[in-house]
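Biologist: Could you take me through this fold and show me where each label comes from?

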Amino acid sequence: MLWALSEAGLMPDLVIGSSAGALNAVAFASDPSPIGVGRLEAAWRSLRRRHVAPFSVRTLAAAVAGRGEGLVSNSAMRGMLASAAVAGRLSDTLIPAHVVATELTSGAAVVLSAGETGPALLASCAFPGLYPPVKVGGRLLVDGGVSADIPVLQAEALGARVSYVLPAATCRFAQSSPRGPLRLACHALSQILDSVARSNVAAACGTVHVLPTPSSRATNPFDFRDTARLVEEGHRLAAGWLASHMTRVGAGARTNGICRLTA
């Protein structure tokens, strides 16, 4: 989707994202050039479960016994973020970048616009129960998707008048309903978040463009084998949408936007 938007000459004045969308937003804002987008694509194509969710018997046992705060340690993801080609601080990106997390105690959305990039992204991706909460600025934070899966209202609060939503891929199941506890939980949560996202988009005051959503064949949230096809389908769908709307959007326009992408 970022390839298609860049090819159409649409460069945002700001980007904002939740969860994996925050990773993409900050990476793009750190280097919005074709080289930067290509580097981001290559990172997703090479990603495997062990890079973000290395399950261990010890961590799982601690979680089951009620001693841990997550089923998976965030150490692998912390290491991945430390080596990623992103600005070390949110204020150092070439395009203003904002990361959305959720305050654990209140459930309120928290927009992080300054400070170290690593902890902000780690907090935004801290899916409750799976990863432990992350303390940033004295607050315990979890996944931004819990409070603002598509942070269009937060984008408008930052000054956005026209927003482009890059939605997460939807999961496609062969049977009528997903099987297995992880897929069932993710499917149910996805339905809840989709309902909240639709309400937020409807409540937006400015213009909101929601790009077409690719369909994923992944069997679980940490199955990255479908990434290459999703990249290609995302580009094809977004390019087609932009071509049909270009007269209304305006070629080469500069626009305030939001960046929301998840794996």
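Modeller: Happy to! Contact here means heavy atoms within 4.5 Å, and helices (H or I, at least four residues) and strands (E, at least two) are DSSP runs numbered from the N terminus. With that in hand, Ala-22, Leu-23 and Val-26 of helix 2 meet Thr-117, Leu-121 and Ser-124 of helix 7. By class, that contact has four nonpolar, two polar and no charged residues. Nonpolar covers Ala, Val, Leu, Ile, Met, Phe, Trp, Tyr, Cys and Pro, charged covers Asp, Glu, Lys and Arg, and the others, Gly among them, are polar.

Biologist: And what should I keep in mind about the model itself?

Modeller: It is a predicted model in which local features need pLDDT of at least 70 and side-chain atom pairs count only at pLDDT 80 or more, while totals for chains, interfaces and linings use all residues. Residues are numbered from 1 along each chain as its sequence is written, and side-chain values use heavy atoms, with hydrogens and water left out.

Biologist: Why are helix 2 and helix 7 called roughly antiparallel to each other?

Modeller: Their packing angle is about 150 degrees, with the axes 8 Å apart. Angles under 35 degrees count as roughly parallel, over 145 as roughly antiparallel, 65 to 115 as roughly perpendicular and the rest as oblique. Helix 2 and helix 7 are therefore roughly antiparallel. The axes are lines fitted to C-alpha atoms, for helices over the stretch in contact, and angles run from 0 to 180 degrees between N-to-C directions. The crossing of this pair is right-handed; the rule is that the near helix is turned from the far one by less than a right angle, clockwise for right-handed and anticlockwise for left-handed.

Biologist: What makes helix 6 oblique to helix 7?

Modeller: Helix 6 (residues 75-83) and helix 7 (residues 117-124) pack at about 140 degrees, with their axes 10 Å apart. That angle makes helix 6 oblique to helix 7. Helix 6 also passes helix 7 in a right-handed crossing. Here Met-77, Arg-78 and Leu-81 of helix 6 meet Gly-118, Leu-121 and Leu-122 of helix 7. The contact of helix 6 with helix 7 has four nonpolar, one polar and one charged residues.

Biologist: How do you know that helix 7 is largely enclosed by the rest of the structure?

Modeller: Buried means under 20% relative accessible area, exposed over 50%, and partly exposed in between (1.4 Å probe, protein chains only). Six of the eight residues of helix 7 are buried, so the helix is largely enclosed. The buried ones are Thr-117, Ala-120, Leu-121, Leu-122, Ala-123 and Ser-124. Over the chain of 263 residues, 46% count as buried.

Biologist: Why is Trp-3 counted as partly exposed, rather than buried?

Modeller: Trp-3 has 25% relative accessibility, so it counts as partly exposed. This residue sits in helix 1 (residues 2-7). Leaving aside neighbours within four places in sequence, Trp-3 is in contact with Pro-34, Val-37, Gly-38, Glu-41 and His-235.

Biologist: Which residues of helix 2 and helix 3 make their contact?

Modeller: Let me give the geometry before the residues. Helix 2 and helix 3 (residues 34-46) pack at about 150 degrees, their axes 9 Å apart, and are therefore roughly antiparallel. Their crossing is right-handed. The contact is made by Ala-20, Asn-24, Ala-27 and Phe-28 of helix 2 and Val-37, Leu-40 and Trp-44 of helix 3. By class, this contact has six nonpolar, one polar and no charged residues.

Biologist: Which residues touch the most other members of the largest nonpolar core?

Modeller: A nonpolar core is a set of buried Ala, Val, Leu, Ile, Met, Phe, Trp, Tyr and Cys residues joined through side-chain atoms within 4.5 Å. Of the 51 residues in the largest one, Val-52, Val-99, Leu-112, Tyr-131, Leu-211 and Leu-242 touch the most other members. Helix 2 (residues 20-30) gives the most to this core, with eight residues. Apart from it lies another core, of six residues, including Leu-14, Ile-16, Val-100 and Ala-148.

Biologist: What makes the phi of Ser-19 worth a look?

Modeller: Most residues other than glycine have a negative phi. Ser-19 is not a glycine, yet its phi is positive, about 55 degrees. Ser-19 lies in the loop between strand 2 (15-18) and helix 2, and at 14% relative accessibility it counts as buried.
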